[in-house]
Amino acid sequence: MSVSGNEIGDLLVDIGLITPEELENAHNEQSRTGERLSLVLEKLGLVSHNQLKDALELQYGVNYISLSKNPPASEIVALLPEELRRKHRVIPVSHHGTQYTIAMVDPDDIIAFDSLRLHLKSGQIKKVVCTADDFEFFIAKLDQEQEQASQDKQKLEQEVTTKPAAAKKGESK
């Protein structure tokens, strides 16, 4: 069973950490607030961060990473193209020589793993698991940062092109 989207709640029910009723309450709170399910479950006191981490590690047999608490550097994230990151729901989190550590929503996804090996030209890939909502939150934050950088670049370009024109007007007087 792979855990994606709201299925983290189902996993927590399956292993007995929360009841179906508690999951339903968490879904209602999530709908009301728009917050990530894992965050809602923690805020409601239904699971701790460690219980969430342990459940995912148990499920996949790999270590857990919180992208919101340990965001990778942008130059590491850029090792994979946006399309590949979104399609397979993966984020590079570290890189040492030809060894890569990749956060994956579904570490059991063999197609994603093969795509990573081909793109990175490395067989030395360590998988770690992240929640789907943490992945989506990280991607949304990355999109905002890229949009802001694009706007800043446009502003700078406009300033550079308008200053020479203003300087020429001053010279002609």
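These legends go with a set of close-up views of one predicted model.

The model is predicted, and local features are described only where pLDDT is at least 70, side-chain atom pairs count only at pLDDT 80 or more, and totals for chains, interfaces and linings use all residues. Residues are numbered from 1 along each chain as its sequence is written, and side-chain values use heavy atoms, with hydrogens and water left out.

**View 1. Helix α1 and its buried side.**
This view shows α1, residues 7–14. Helices here are DSSP runs of H or I with at least four residues, strands are runs of E with at least two, and both are numbered from the N terminus. Four residues of α1 are buried, namely Ile8, Gly9, Leu11 and Leu12; buried means under 20% relative accessible area, exposed means over 50%, and partly exposed is in between, using a 1.4 Å probe and protein chains only. Look down the axis of α1 and the buried residues fall within an arc of 160°, so they line one face of the helix. That arc is taken from the directions that run from the helix axis to the C-beta atoms. The buried residues of α1 pack against α2, α3 and α4, where contact means heavy atoms within 4.5 Å.

**View 2. Where α1 meets α4.**
Two packed helices are described by the angle between their axes and the distance between the axes. Here α1 and α4 (residues 49–60) pack at about 85°, with their axes 11 Å apart. That makes α1 roughly perpendicular to α4. For reference, the axes are lines fitted to C-alpha atoms, for helices over the stretch in contact, and the angles run from 0 to 180 degrees between N-to-C directions. Angles of 65 to 115 degrees count as roughly perpendicular, under 35 as roughly parallel, over 145 as roughly antiparallel, and the rest as oblique. From α1, the contact uses Ile8, Leu11 and Leu12, while α4 brings Leu52, Ala55, Leu56 and Gln59. Sorted by type, the residues of this contact are six nonpolar, one polar and no charged. In that sorting, Ala, Val, Leu, Ile, Met, Phe, Trp, Tyr, Cys and Pro count as nonpolar, Asp, Glu, Lys and Arg as charged, and the others, Gly among them, as polar.

**View 3. A closer look at Ala55.**
Ala55 sits in helix α4. At 2% relative accessibility, Ala55 counts as buried. Leave out residues up to four places away in sequence, and Ala55 touches Leu11, Leu12 and Ile15. Ile139 is 84 residues from Ala55 along the chain, and their C-alpha atoms are separated by 23 Å.

**View 4. Helix α2, with its two faces.**
Helix α2 covers residues 20–33, and its 14 residues should span 20 Å at 1.5 Å a residue; the end C-alpha atoms are 20 Å apart, which agrees. The expected span is 1.5 Å times one less than the number of residues. Leu23, Ala26 and Gln30 are buried in α2. Seen down the axis of α2, the buried residues fall within an arc of 60°, so they line one face of the helix. Their packing partners are α1 and α3 (37–43). Turned away from that buried side is a face with the exposed residues Glu21, Ser31 and Arg32.

Gly34 is exposed, at a relative accessible area of 65%. Ser38, by contrast, lies in helix α3 and is buried, with a relative accessible area of 6%. Setting aside neighbours within four places in sequence, Ser38 is in contact with Leu52, Thr131 and Asp133.

Gly61 is in the loop between α4 and α5 (74–77) and is exposed, with a relative accessible area of 65%. Arg89 is in the loop between α6 (82–88) and β1 (90–96); phi of Arg89 is positive, near 55°, in a residue other than glycine. At 23% relative accessibility, Arg89 counts as partly exposed. Lys121, in the loop between α7 (110–120) and β3 (125–129), has a positive phi of about 55° although it is not a glycine. Lys121 counts as exposed, at 73% relative accessibility.
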